[in-house]
Amino acid sequence: MKIPLLDMASPYKELKSELDEAYQRVMDSGRYILGVEVETFESEFAAYCGVKHCIGVGNCLEALHLILHAYEIGAGDEVIVPANTYIATWLAVSYSGAIPVPVEPDISVYTLDPQRIEASITSHTRAIMPVHLYGQSADMQPIVDIAERHHLLVIEDAAQAQGTRYQNQMAGSLGHAAGFSFYPGKNLGAFGDAGAVVTNDNNLAEKIRLLRNYGSKNKYYNEIKGYNSRLDPLQAAFLRVKLKHLDEWNNRRQQIANLYFHSLKDVPGLVLPFVPEWSSPIWHQFVIRYNQRGVLQAALDRAGIGTLIHYPVPPHLSTAYSEADWKQGDFPLTEDLAKTVLSIPMGPHMKADDVKEVADVIKSVLM
């Protein structure tokens with residue numbers, strides 16, 4: 001691709017000397033599971049998020065699953081989830097043995113609509129799991145208020161929200177706990193799978209540290225039935241380097257978003273992202289909408305411009321959840337988004353000329 005959806009090579013090139021030093025430091029240490037490198041990253045990321053605890057784990061799906069497990073949410077319980085999200089949000093609930101209960105999005109921002117939540121709460125509901133989608137926060141204050149009224153937990157899926165703010169408060173510090181992803185394409189990305197749980201709950205943090213490591217504090221002495229989900233020192237070392245640059249790189253993404261808004265504001269039929277006053281997004285993705293998406297995507301592809309659909313199949317229509325007997329039309333807002341959204345190139349290493357070229361192709365098709 002002439003202009004990829006996300007440039008994965010440039011981050012390493014920009015930080016090569018720092019990343020190479022981090023690699024050498026870990027390799028020379030002889031410590032390749034947990035240890036001081038992981039502990040130091042956990043401390044640094046907790047401070048960045050404004051929380052007491054960060055526990056590094058294998059990925060965000062496992063982070064969310066471990067939170068649910070630690071809170072003893074399981075068979076017979078229900079968890080409110082967005083209908084419009086990546087399937088991993090739902091899978092975490094299913095892995096715990098609980099039932100995901102989907103709720104439609106606010107169509108203007110694509111995240112969980114607080115006004116639709118209470119109609120789906122039952123006597124079996126234990127938690128609400130909002131997703132900060134595409135790097136923009138869900139509207140958290142009304143969600144937290146609903147949770148408090150109904151004595152529910154709030155668990156943030158912050159997989160796409162490293163640095164996102166809601167009313168000037170960091171994503172990850174808005175509920176009882178949060179799961180983060182450090183998948184390579186994320187704003188704070190490792191060089192492989194990685195994730196973390198963040199929380200202010202001391203008891204939860206202690207339990208997740210046990211659960212991620214076979215249920216053991218001390219090797220071969222297992223206190224509970226646990227799992228193997230550990231952030232490894234090499235990825236932690238890389239994340240420590242990239243964390244120092246995260247705010248700067250998020251600011252670069254904001255500049256790219258501003259250029260897109262300026263270039264595409266008057267294109268007929270094109271729906272640009274909406275940023276409410278309570279949100280400070282980090283532009284993990286720049287997602288536009290168009291009713292004839294296929295025509296637009298094909299034109300961008302012919303021009304050598306990368307795109308992707310986040311996400312083409314809503315979880316309720318996936319084969320993975322066929323046993324639930326959901327059908328087309330059950331969640332029309334989510335289904336409409338699945339038919340019209342398109343992610344266009346975004347990243348901290350895009351140039352202004354790249355944005356102009358993307359915008360020019362879009363305008364050549366739609367104007």
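**Figure 1. Overall fold of the predicted model.** Of the contacts in the protein chain with a separation of 6 or more, 69% join residues 24 or more positions apart. The model is predicted. The protein chain holds 12 helices and 14 strands. Its radius of gyration is 21 Å, which agrees with the value near 21 Å for a compact globule of 367 residues. Along the principal axes, the C-alpha atoms fill a box of roughly 65 × 55 × 35 Å. Buried residues account for 57% of the 367 residues. The exposed surface comes to about 15800 Å², and carbon and sulfur atoms supply 51% of that area.

**Figure 2. Helix 12 and its buried side.** Helix 12 spans residues 352-366. Its 15 residues reach 21 Å from the first C-alpha to the last, close to the 21 Å expected at 1.5 Å a residue. Val-355, Val-358, Ala-359, Val-361, Ile-362 and Leu-366 are buried in this helix. These residues lie on the same side of helix 12, because they cover an arc of only 155° around the axis. The buried residues pack against two helices, helix 9 (246-264) and helix 10 (293-302). They also pack against strand 13 (286-289) and strand 14 (341-344). The face turned away from the buried side carries Asp-353, Lys-356 and Ser-364, which are exposed.

**Figure 3. Asp-77 in its loop.** Asp-77 sits in the loop between helix 4 (60-70) and strand 2 (78-82). Its relative accessible area is 13%, so Asp-77 counts as buried. Neighbours within four places in sequence are left aside here. Beyond them, Asp-77 is in contact with Glu-72, Ala-98, Ile-99, His-124 and Arg-126.

Figure 4. Tyr-86 and Tyr-311 form a tilted aromatic pair, 5.3 Å centre to centre with 35° between the planes. The two residues are 225 residues apart. Tyr-86 lies in the loop between strand 2 and helix 5 (88-95), Tyr-311 in the loop between helix 10 and helix 11 (332-340). Tyr-86 has 46% relative accessibility, so it counts as partly exposed. Tyr-311 has 16% and counts as buried. The peptide bond from His-310 to Tyr-311 is cis, with omega near 20°. Most peptide bonds are trans.

**Figure 5. Two loop residues with positive phi.** Most residues other than glycine have a negative phi. Leu-34 is not a glycine, yet its phi is positive, about 50°. Leu-34 is found in the loop between helix 2 (16-29) and helix 3. Its relative accessible area is 15%, so Leu-34 is buried. Trp-283 also has a positive phi, near 55°. Trp-283 lies in the loop between strand 12 (279-280) and strand 13. At 4% relative accessibility, Trp-283 is buried.

Notes. Residues are numbered from 1 along each chain as its sequence is written. This is a predicted model: local features need pLDDT of at least 70, side-chain atom pairs count only at pLDDT 80 or more; totals for chains, interfaces and linings use all residues. Side-chain values use heavy atoms; hydrogens and water are left out. Helices (H or I, at least four residues) and strands (E, at least two) are DSSP runs, numbered from the N terminus. The expected span of a helix is 1.5 Å times one less than its number of residues. Buried means under 20% relative accessible area, exposed over 50%, partly exposed in between (1.4 Å probe, protein chains only). The arc is that of the directions from the helix axis to the C-beta atoms. Contact means heavy atoms within 4.5 Å. The radius of gyration is taken over C-alpha atoms; the globule rule is 2.2 Å times the number of residues to the power 0.38. Accessible areas come from the Shrake-Rupley method with a 1.4 Å probe; for residues, only the protein chains shown count as cover. Rings of Phe, Tyr and Trp (its six-membered ring) pair if their centres lie within 6.5 Å; planes under 30 degrees apart count as stacked, over 60 as edge-to-face and the rest as tilted.
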